[in-house]
Amino acid sequence: AEQTYDYDVLVIGAGPGGYVAAIRAAQLGLKVACADSRETLGGTCLNVGCIPSKAMLHASEYYDAAANGAMEAMGIEVTPRLNMEKLHGQRIEAVDSLTKGIAFLFKKNKVEWKKGHATFQDPHTVKVGDETVTAKNVVIATGSSVTPLPGIEVDNSRFVVVDSTGALELPKVPGHMVVIGAGVIGLELGSVWRRLGAKVTCVEYLDEILPGMDEDIRKEARKIFKKQGIEFRLGTKVTGCTVAGDTATLAMEPAAGGAAETLDADCVLVSIGRKPNTDKLGLEAIGLDVNKRGQVETDHEFRTKVDGVWAIGDVIPGPMLAHKAEDEGIAVAENIAGQTGIVNHDVIPSVVYTWPEIAGVGLTEAQAKDAGHTVKTSKFPMMANSRAKTNHEPDGLVKIIADAETDRVLGVWAIASVAGTMIAEAALALEFGATSEDIAYTCHAHPTHSEAMKEAAMGVQGKPIHI
Ligand code: FAD
Ligand code: NAI
């Protein structure tokens, strides 16, 4: 007789990967439980990631516009006063209502929420807190956490040396904030506190900020941030940190070797990347190894090499992004239900929610060339876009990289106030295998920032109108 289980599916982790997988599996008629050790649902993204960071970015953008002349330039004269309690209050409120929203969706879809840390006993048996749960399928969606920097101790309660979680909650604006790592978190949260009045210095190991993005975009972004007042120490590694009272002193040296120096800060943000969560998950009990980067490997259908055990999200290879995790959550549930769930990992947009926003999808120019393409590219400056110019948002550009022979679009990169929204069009274009001509001959509403996308495509064709 077939073995019976408590559930068809147990999902471990209720982040955007896990909660979406659980809901989709339930929608497909399966009996589903979802375990998470946090007090609230939504994982990193809703509790300490995407959502609270955007709440702080949005509010600080208004403050910046009022304090630093952008409003005045439009004839609105105000002197802003910062109310930290309210600023944090609206962040907490956003997190609270969205995490509760997931609890509501779980109820609506009959997903059982199990609060507690999950550990495998065998491939179909998992201990969640004190409870033992059996399931025909188990999905590992345990996400990721902050990569520690050896020699530097994070203490999110004292606010002198913090990670991203502490940097969301600083009770006062630091005089000097030093960000270690000029990646996505460093630039987003560094921007928040710069806008609110802190002096911000980013110390980055590599020679350029934002690794992984197109070279032109990385350079242009750094110029813009520099103009906003963020200081960069590139090609520099931090070797240690001492804390005396409310001051941290960082020891640094050139990445290539050379004379050491020190830098004082009122707040240090450690943002050098994130690592997959597989600790105390009991992977050894099911004979599942992690790769060199600590990730759980899967096939295209998100099966691990252990029968009945699947994995998605930040814990598997690929960009550590909420929308990638969500799409994998849908796909894994469909595959468990016997359907064909697919994620096109070549078309995952990424967005940095600074001002202006920085976004990209597909290949960088260097990646396209490495992949053997002869490319034609075109850049259209936001300065020449009527809406951006009218809105006093001249910084940035749209860059399109197309195959020179077929004209197929290989990658699109943008810096613009609303680049995160604009990039959706590019993702659709790549997904449909569009050519730059397709984009150039698609009617785009006027006056919108998106016209810059059309003009960049016209540029690939050799005939932009407005430059
Ligand atoms: P997670 O969201 O990490 O969820 C995993 C959950 O599993 C967690 O709640 C964890 O506590 C729980 N868990 C782990 N192990 C166990 C266990 N053994 N038992 C029970 N529970 C367990 N991405 C974007 O796309 N856009 C953004 O704007 C963005 N902003 C970010 C800002 C910050 C400050 C940070 C830190 C991240 C941001 N990210 C953003 C990344 C995004 O948060 C992650 O890519 C996303 O949350 C990954 O989803 P996940 O479901 O794989 O894992
Ligand atoms: P990151 O990988 O984006 O950037 C880390 C940076 O630190 C890199 O530039 C790296 O070269 C540098 N670095 C590494 N070690 C260093 C050292 N010892 N000294 C100095 N610099 C060093 O990682 P980050 O910013 O921590 O973010 C983690 C992940 O979270 C991102 O990769 C992304 O997947 C996700 N995230 C996504 C967001 C979004 O989509 N908007 C926002 C925030 C986070």
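**A guided look at strands, helices and ligands**

Guide: In β17, W310 is the bridge partner of V139. Do keep in mind as we go that this model is predicted.

Visitor: What makes β6 and β17 a pair?

Guide: Two strands pair if at least two bridges are found between them. There are 3 bridges between β6 and strand β17 (residues 309-311), and the strands run parallel. With 3 bridges against a cut-off of at least two, β6 and β17 therefore count as paired.

Visitor: How do you know that β1 pairs with β6, and in which sense?

Guide: Strand β1 (residues 7-12) and strand β6 (residues 131-140) share 5 bridges in the parallel sense. The cut-off is at least two, so this is a pair as well. To find it in the structure, look for Y7, which stands opposite A135 in β6.

Visitor: And what joins β5 to β6?

Guide: Strand β5 (residues 125-128) is joined to β6 by 4 bridges, and these two run antiparallel. K127 has T132 of β6 as its bridge partner. β5 and β6 form a hairpin with 2 residues between them, and G129 in the turn has a positive phi of about 60°.

Visitor: Let's turn to the helices. Why are α1 and α8 called roughly parallel?

Guide: Helix α1 (residues 16-27) and helix α8 (residues 322-336) pack at an angle of about 30°, with their axes 7 Å apart. Angles under 35 degrees count as roughly parallel, and α1 and α8 are therefore roughly parallel to each other. α1 passes α8 in a right-handed crossing. Among the residues that meet are V20, A21 and R24 in α1 and I330, V332 and A333 in α8. By class, this contact of α1 with α8 has 10 nonpolar, 3 polar and 4 charged residues.

Visitor: At what angle do α3 and α4 pack?

Guide: Helix α3 (residues 50-67) and helix α4 (residues 84-109) pack at about 145°, and their axes are 9 Å apart. α3 also passes α4 in a right-handed crossing. I51, P52, A55, M56 and A59 of α3 make the contact with L87, Q90, R91, A94, V95 and L98 of α4. The classes here are 9 nonpolar, 1 polar and 1 charged.

Visitor: What makes β18 and β20 the edge strands of their sheet?

Guide: The open sheet has 5 strands in the order β18-β19-β22-β21-β20, with antiparallel pairing. β18 and β20 (375-381) each pair on one side only, and they are its edge strands. For β20, the partner strand is β21 (residues 397-403), joined to it by 7 antiparallel bridges. K379 stands opposite K399 in β21. Helix α13 (residues 451-460) packs on the sheet, touching β20, β21 and β22, and its direction makes about 140° with that of β20.

Visitor: How many residues surround ligand 1, and which are closest?

Guide: The shell holds 35 residues, the closest being G13, G15, G43, G143 and G313. α1, β2 (32-36), α2 (43-48), α3 and α8 each give two or more residues to it. The shell divides into 15 nonpolar, 17 polar and 3 charged residues.

Visitor: Which element gives the largest share of the shell around ligand 2?

Guide: α6, with 4 residues. Of the 27 residues around ligand 2, the nearest are G181, G183, I185, Y205 and M320. That shell has 17 nonpolar, 6 polar and 4 charged residues.

Conventions:
Residues are numbered from 1 along each chain as its sequence is written. Chains are lettered from A and ligands numbered from 1 in the order in which they are written. This is a predicted model: local features need pLDDT of at least 70, side-chain atom pairs count only at pLDDT 80 or more; totals for chains, interfaces and linings use all residues. Axes are lines fitted to C-alpha atoms, for helices over the stretch in contact, and angles run from 0 to 180 degrees between N-to-C directions. A crossing is left-handed if the near helix is turned anticlockwise from the far one by less than a right angle, and right-handed if clockwise. Two residues are in contact if their C-beta atoms, placed from the backbone, lie within 7 Å. Ala, Val, Leu, Ile, Met, Phe, Trp, Tyr, Cys and Pro count as nonpolar, Asp, Glu, Lys and Arg as charged, and the others, Gly among them, as polar. Angles under 35 degrees count as roughly parallel, over 145 as roughly antiparallel, 65 to 115 as roughly perpendicular and the rest as oblique. A residue is near a molecule or strand if its C-beta atom, placed from the backbone, lies within 6 Å of it.
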